[in-house]
Number of protein chains: 2
Amino acid sequence: MTLSPDTRAKELGVAQLPSTPRPPATLRDVAAAAGVSVATASRVLSGNPATSSTSRQAVTAAAAQLDFHPNVQARALRSSRTASIGLLIPDIRNPHFGDLAHCVEMHARERGLVTLISASDERLDTQETALRLLMSHNVDGLIVVPQGRRDSPRGPEALDAVVQRGIPLVLADRMVSGLDVPAVVPGTNGLTDAVNELLSLGHERIALIAGPATSSTGRERRLAFDAALDAAGATPDPDLVHEGDFQPASGREGVARLLGLPPGRRPSAVVIADGPMAVGALAALNERGVRIPQDLSVVAHDDLDAFRLCDPPVSAIAQDIAAMGAVALNLLLEPPADGEERTVRQPTLFIQRGSVAEAGLQKSTTTMEGGDDS
Amino acid sequence: MTLSPDTRAKELGVAQLPSTPRPPATLRDVAAAAGVSVATASRVLSGNPATSSTSRQAVTAAAAQLDFHPNVQARALRSSRTASIGLLIPDIRNPHFGDLAHCVEMHARERGLVTLISASDERLDTQETALRLLMSHNVDGLIVVPQGRRDSPRGPEALDAVVQRGIPLVLADRMVSGLDVPAVVPGTNGLTDAVNELLSLGHERIALIAGPATSSTGRERRLAFDAALDAAGATPDPDLVHEGDFQPASGREGVARLLGLPPGRRPSAVVIADGPMAVGALAALNERGVRIPQDLSVVAHDDLDAFRLCDPPVSAIAQDIAAMGAVALNLLLEPPADGEERTVRQPTLFIQRGSVAEAGLQKSTTTMEGGDDS
DNA sequence: TTGTAGGCGTTATCAG
DNA sequence: CTGATAACGCCTACAA
C-alpha cells in the first residue's frame, strides 16, 4: 500500500485526488504522441503552412489530448516576444485610471496579451523603478501615463531608456515635452466650453484648482482656462488659481485658500482640473456648509459617478476614457507611419448640471463665510 | 540612399541616433568583460558564497559597467520561477478592488515581483479565460477574488485547475465553498453593529440591498443581517431584501423596488452591501428627492470617498482593504502550515455619520412618495 | 574556488 | 513537406 496516489488511483479506478501536480505536457510529448518530430509539431501548432493535413490532424489531436500549452518562457527566450504589455499609471485608485487600466487590459486580453499594470503614485522615483521592473520583464510594448519633464534636472530617464531599447512606447493622458512618441491625450475643448458658459452666466471671478505644472494636462488646462478668460476680455486674478497635485488633499487646500480670500475677492465659480481634487474640494465645501450653486458654482474635470450623489449633481467635463485606452493600444500595436500625426487628441465634453447657476445668485447672498450658516 | 538608418549611421561615422536598440548585455558579456567564466559570473551575481573576492569585484564591476540585467525568461525557463504573481479581481473600476490591486501590486513590486492584473467583470466565463491566460504565463502564485460556486453546474473549473497544477492560490474578499485554500475575507461585525444601531434608534423596517447569493460576501452579509434582526426579535420581511449583483444598476433597482412598496410597508432605513450598489442607490434616491436621513436612513458597506460629498455624509462599514491586500500577499508567500487556520477574517468598522437618524423622524413626515416634495 | 557542459522548451535553419 | 540540430540566456552538477 505504498503506491503513489497516481498509481493507486489508476489501479482502483478512483477519481484523481485534487492535488496531482503532473508536469505539463511539452512539445516533445505532443510530437511523440503524434508520431512526428518536434519540428513538425511546432510548425503545425504555430500555423506554418508547410504541413501536411495528415500531420496537422495528428498533432492537433495529440495536443488537445495532452492539454498542451506552449511554455511562454521558452517561446519568449527563443523569439524574444513575451506576449505581454506594460501599463504604468499614476494611481489605480483614481477611477479615471482604473477605467483606463480596465479597458487596456480587456482589449489586450482579447488579443492574447497579458497586461502588467504598475502604479507610479504620481512620483518620479516610483515611475523609474516601476519602469525598470517592467522592462526587465521584456514587455513587448508599454503604455505610460508619464511623470516629469525631460528638461528638469532629474527627468524621466527610464522613459528614455525604454525608447533607446527600441521598446514600443505610447503615452496616454499626458505628454512629455521633447519625447517624440505616439500619444493620446484629452483635448481642452470641454474646459473652454465650461469657462465660456460660466462667463455667459455672468461670472466674473472664476477660480481654477489646477493640476501641477509638471504635467502636460496641468499646463494645458491652465492655458485653456487663461485663454478662455482672455478671449472674453476678463482680467485673470492669480489669486484665483490654486496649483494642486491631482490628489484629493490639494483640492481641499484649494478650497481653503479660495475661501480665505477677502470677501470681495472670492470667486463665484470654480473649475477643478481633475476628479480626485474635485472630490477633496467638494468634501471640504460640504463640510464648510458652502451651498452649490447658490454660494459657488462648480465644474469638475472628469465625470465621476460620485458627482451624481450631490444635490444638485455636479457639472463635469467628461472624457471617453475607454476610447482613450483603445486608441492607446492601437497606437501601440499599429504605430503610425513616419508622416502621420503621432499625437491623438480626444475631445472632451462639458456636461452642464445643476451645480452651475447665474452669477447673480451669489451676489444676492451673504455667503462664502466659510462654515457659519447663521 | 536606401540604406537602413543603422548602416548609414555606421558608414558615415555619425553619432548614433537615439533609437539604437543595442542588444542587452548577457551573462557571457559580463563574464568576458570580467575575465572569468559564465559559471563564476553567475555565482557572483546570484550570491553564491563559493566565490573569491577577486572575481566578485571584477564581476560586479563588469555587470554595473554593462548595465547587465538577467534575462527573466531564460531564468524562468531554467528555474521554473517567473518572479510574477497574478491578481484576478472582479472590477478594477470599483475603488474597493482598485485599492486592493494597488496594495498588492505595490508590495509585490517591493519584493521584486511583477503583478499581472486581470478583471473578471463579475462573470464566470471571463474569470475562466483570464485565469487560463494567467496560468499560461506561469505566474508563481495567484490571488483571486473569485466568482461562482463549486457546487453549481458550471463552476469555477479553472480555479480547480490552478490548485491541481500546484500553483499557490489565495482567495481574497470572497471564498468558494469546498475549495480549501488560504483566504482573507472581511468579517461581518461591522454590519451587525450597523443593524444593531439602527434597531436601537427605533427602526423597525430595515431594508437590505444585498449582494448576489453566488458570492460568499453576498451570502454572509445577508446572514449577518438576518441574524441581527433575529437576535432583536424583529420580524424580517422578505420584501425588504433586494438581491443585487454588486453593480450600481442593481442599487438603483433596489431603491425603485423599495420605494414601490405600499406606504405602510416601506423601510425607514436601508443597508447596502457594497460600494457600487450604494453609489447607484444614492444617485437614485437623490434623483427622486428622497431626503437622507429625514426620509430614509442609509448605511453603506465600504467607505467610499464619495460618501463625504453627501450632506450629511453617508454612514459606512469600512474595511481596511490595504491590510487585506498585505495579508493576501503574505498568505501567498508564506502559506500557513497544515495545522494553522487558513482563513483570515478582517474586522470591519461601522462608522456612524449623519445619514442615520432616529426612526421617529421618518414617521413624522409624509415622505417616501418617491419624488414629489410637496 | 573555478571552469566545462548539459539542458530547460521552443523556434528557425538547414538539408533531405 | 519533414526531421535533425543549433541556438536563445541562464543555472548547476560535476569535475578539476
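In which sense do strand 6 and strand 7 of chain A pair, and over how many bridges? Strand 6 (residues 206–210) and strand 7 of chain A pair in the parallel sense over 3 bridges. Two strands count as paired if DSSP finds at least two bridges between them. Strands (E, at least two residues) and helices (H or I, at least four) are DSSP runs, numbered from the N terminus. The model is predicted: local features need pLDDT of at least 70, side-chain atom pairs count only at pLDDT 80 or more, and totals for chains, interfaces and linings use all residues. Residues are numbered from 1 along each chain as its sequence is written, chains are lettered from A and ligands numbered from 1 in the order in which they are written, and side-chain values use heavy atoms, without hydrogens and water.

The bridge partner of A:Leu208 in strand 7 of chain A is A:Val241. The open sheet of chain A has 6 strands, in the order 7-6-8-9-10-12, with mixed pairing. Strand 7 (241–243) and strand 12 (348–351) of chain A stand at the edges with a single partner strand each, so one side of each lacks a neighbour in the sheet.

DNA strand D has 22 residues around it; a residue is near a strand if one of its heavy atoms lies within 4 Å of it. Among those that come nearest are A:Thr40 and B:Leu27. Sugar and phosphate make up 57% of the DNA strand D atoms within 4 Å of the protein. Polar atoms also meet here (N or O pairs within 3.5 Å). A polar side-chain atom of A:Thr40 lies 2.5 Å from a phosphate oxygen of DNA strand D. For B:Arg78, a polar side-chain atom is 2.7 Å from a base oxygen of DNA strand D.

Technical notes:
Polar contact = N/O pair within 3.5 Å; in protein donor to acceptor, adjacent residues only side chain to side chain.
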